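Reader: Hello! Could you take me on a close look at the lining of one enclosed space in this protein, and then on to whatever else belongs in the picture?

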Amino acid sequence: MQQPGVAPPPPAAQPPAGRPAPGRPEAERAGAERQGAERAGEGRADAGGADPDRAGENPAGAAAPAEAPVENPEALFRHGGGRVDIGGNRVDGAGAGGDVVGGDKHTHIYHSPTAPRVRPGRLDRSALEAVSALYVPGPDHREALERLREERVLVLTGRPGSGRYTAAQQLLHQVSGPDGAVFLLDTGTGFDDIATDGARNSAYLLHDATDGADGADGAGEGAGGGLPGRLRGRGALGAHRLNILRGRLAETGCWLIVTADAGAVPAGARPVFWQPPEPADVLAGHLRRALGREADDRTVRSLAGLEQTAEFIAGRPSMEQIGEFAGILAAHHRGLVTAGELAGHNHAVVAARAAEALADPARGLRDKAFLVSLAVFDRTPYPQVHAHGDELCRLLTASESPEGGAGLPVFGRSKPDLLAWARAVEENGLEETEFGLLPGTSVRFESVLMADSVLTGLWLEHPAARPALLEWLNGLSRADSVLPRVRAAIATGVLAAVDFPGVVGELVRPWSGGRSLRLRQSAAWALHVAAQEGRQRVVLELLRRWSDPAAEGSVARRWTAARAWATLGVDHAARALRNLRATARSDDDGLRSAVVDALASLVRSGAAAEVLAELDEWLRGTDPHLRRTAAEAFTAMAVEWDRGGEDTGPWPLLLRLQEAEGSRTGSAGDLGGTGDPGGAGGAGRLVQGLWRAVLRDRGHGRRAGEVLQEWIRGTEDDPQLRSAMTGLLPALVQDVNDRDRLDHLLRHATGSPDDPPAAVRELRQALWYGKSRGAENNR
């Protein structure tokens with residue numbers, strides 16, 4: 001999935017201190033939303049007949065009466081960890097999302113020749129010199145070199161792929177000098193047999209790594225279960241034997257390096273935990289070799305600065321993978337590899353890493369459950385990831401042993417061990433909580449591609465894990481907290497992108513047609529993510545059918561579709577508005593509430609011009625359902641306040657949109673900038689016309705007037721807002737009734753009709769005499 005793309009719209013601001021919140025109090029608004037939503041489907045079922053796929057679902061779509069209010073659709077962006085884009089359509093370094101690539105899609109992966117497995121024996125000097133030419137010292141190189149010279153025996157530990165084997169070769173090459181020899185020992189070599197052949201000035205390397213994934217670290221044997229018994233068990237290198245070996249090496253002028261897994265460090269040894277050099281520095285060296293005569297500084301910098309290169313480096317690749325990627329970059333420079341193929345290579349590397357971790361025989365279910373949990377809860381606190389992972393582990397354990405088994409051990413692996421194995425890091429930041437953003441720590445994968453690779457790898461390559469995974473996701477989607485529900489929906493969308501029929505049938509369709517509003521919202525979020533991940537065409541078609549009462553549009557699914565259009569519609573405004581119009585024609589109060597929420601969400605997300613034009617058309621028409629929905633939607637939008645920035649305070653969102661339009665076009669969309677309200681731009685004219693219509697409406701005029709009075713009260717402490725309002729209010733007048741209505745609202749806005757504040761007096765004079773006259777008289 002993506003890297004962070006389009007930033008989510010900021011939540012609505014509170015009005016300036018000292019004034020009540022705009023519109024209804026939050027509790028009242030939440031209660032009204034809940035009541036309206038709970039009425040979705042409580043009336044008659046719309047035409048369309050019975051749906052055989054709805055067995056076990058609630059055909060009328062009535063919500064559970066005790067359920068808490070459902071969240072705003074944009075909670076998907078706020079709690080998604082930067083993994084979801086507005087609109088569900090993305091093209092970035094991670095590949096092409098949505099149906100934006102025409103024609104057939106082919107991915108070609110180019111591989112550089114893999115370094116041959118080195119057999120035990122004397123290492124070729126030319127090979128050592130080649131290693132030395134590309135070697136980039138890590139942060140621990142100096143310490144390791146000094147200790148090797150002093151102690152004669154050095155144990156190097158570190159995570160797989162960190163370059164331990166390469167570092168060991170370089171260190172031994174340095175200490176042995178031009179006349180020395182470096183020998184790679186067989187892993188079965190006994191420590192008592194080292195440096196007993198009379199050779200002097202020799203260096204020995206025992207690559208005893210216990211993880212075959214060490215890649216370029218050398219020819220690692222085995223796969224995670226543990227190599228030889230020379231570091232453990234009978235005959236192991238204990239403290240006494242280590243001292244004897246050091247003495248013998250000193251007598252013969254020889255050295256020994258043992259590369260070992262962290263759990264296989266000999267007793268009495270003081271290992272150096274090898275930290276790799278910066279991948280970008282290593283890549284630059286490999287690039288120069290791969291480019292050959294073309295390796296000038298400008299070319300190397302250009303290739304190193306590519307978006308695909310940055311994505312590759314961010315995943316903390318192994319040293320071998322860096323060398324391979326350098327060859328692919330050189331081929332890209334020569335026109336043999338496209339930018340899309342570079343991105344495809346990154347996906348392939350991370351997918352292989354995820355598959356290896358899921359199949360690692362040295363790791364149990366608890367570790368792998370943690371890995372999957374991190375794939376869902378990436379960028380959340382470690383305890384939360386671990387707790388959800390343990391829940392999944394219990395389900396996986398029950399799936400493996402239906403008769404029942406032992407519980408989870410209280411004490412498991414350490415945090416550093418788990419994070420290193422999962423290729424994850426912990427970092428400080430701000431955590432989204434019910435109390436707002438608070439300082440905290442979170443864990444995340446080093447590569448932004450890893451989360452999706454783990455989820456899809458588990459689903460496609462380990463089908464026996466599916467029942468436990470589905471039960472886990474179903475449980476998360478019923479959580480009281482919004483974060484687990486959002487993350488479960490995102491994971492479901494990712495899985496739907498690789499198995500749309502299966503995942504929609506198992507999760508999305510039951511959620512969308514059930515009683516729970518929260519599950520319906522989860523279905524909407526999952527479809528947004530599936531569209532973003534490449535299933536856009538089929539998702540849009542499914543939403544069209546769900547929006548049509550003559551097709552699959554039960555009331556519950558029409559509600560779900562409306563909530564999905566709230567986030568997807570910004571890139572498909574015409575299609576979304578066409579389907580929302582069909583839904584708005586229903587008599588069901590809950591469906592109308594869902595449409596109102598969707599329209600307001602689209603305005604906040606960037607489709608204001610299209611939505612305002614649609615509302616204007618609905619209000620000019622004769623359909624009472626559309627007129628009522630348009631009035632409620634516009635009033636809901638007028639309640640929203642934009643937070644403002646460093647130079648401006650909170651403003652009504654609709655007024656801020658007009659100002660932005662004026663800034664872009666140079667028109668009078670900025671009502672406070674020209675003194676010519678009649679010349680406002682498109683958004684300005686639409687807002688003016690909609691204000692007039694809803695203020696005149698018998699059913700909604702009173703509520704609209706209360707909202708406009710909030711705008712008026714906001715002018716007391718904000719001269720810029722007051723200037724904009726002195727342009728807006730006269731533009732709302734077309735007859736004497738309009739003017740009298742607005743004057744009444746002005747006089748009673750602050751509760752002091754006989755002695756209004758100066759700001760209100762200025763607005764009244766602008767209303768009666770025009771902006772310039774009012775401002776002049778106020779002076």
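Author: With three residues, helix α11 gives the most to the lining of the second largest cavity. Helices and strands here are DSSP runs numbered from the N terminus, helices being H or I with at least four residues and strands being E with at least two. Before going on, please note that this is a predicted model, in which local features need pLDDT of at least 70 and side-chain atom pairs count only at pLDDT 80 or more, while totals for chains, interfaces and linings use all residues. Residues are numbered from 1 along each chain as its sequence is written, and side-chain values use heavy atoms, with hydrogens and water left out.

Back to the lining: α9 (307-314) and α11 (339-358) each supply at least two of its residues.

Now to the salt bridges, each a side-chain nitrogen of Lys or Arg within 4 Å of a carboxyl oxygen of Asp or Glu. The count comes to 36. In one of them, Glu-541 and Arg-544 meet at 2.8 Å, N to O. Because they sit three residues apart in helix α19 (residues 517-547), about one helical turn separates them. Glu-541 is partly exposed at 31% relative accessibility, and Arg-544 is partly exposed at 37%; buried means under 20% relative accessible area, exposed over 50%, and partly exposed in between, with a 1.4 Å probe and protein chains only.

Arg-581 and Glu-614 form another salt bridge, their closest N and O atoms 2.8 Å apart. Arg-581 belongs to helix α21 (residues 573-584) and Glu-614 to helix α23 (residues 608-620), so the pair ties together parts 33 residues apart in sequence. Both Arg-581 and Glu-614 are buried.

Glu-762 and Arg-722 also form a salt bridge, with 3.4 Å between the closest N and O atoms. This pair links distant parts of the chain, 40 residues apart: Glu-762 in helix α31 (residues 758-769) and Arg-722 in helix α29 (residues 719-731). Glu-762 is buried at 14% relative accessible area, as is Arg-722 at 16%. Elsewhere, Glu-143, Arg-147, Glu-151, Arg-246 and Arg-270 are linked in a network of salt bridges.

Finally, a strand: in β4 (residues 153-157), five of five residues are buried. Val-153, Val-155 and Thr-157 point one way, and Leu-154 and Leu-156 the other. Strand β4 pairs in the parallel sense with β7 (residues 255-260) over four bridges, where pairing requires at least two bridges found by DSSP. Val-153 stands opposite Leu-256 in β7. With β8 (residues 272-273), β4 pairs in the parallel sense over two bridges, and Thr-157 stands opposite Phe-273.
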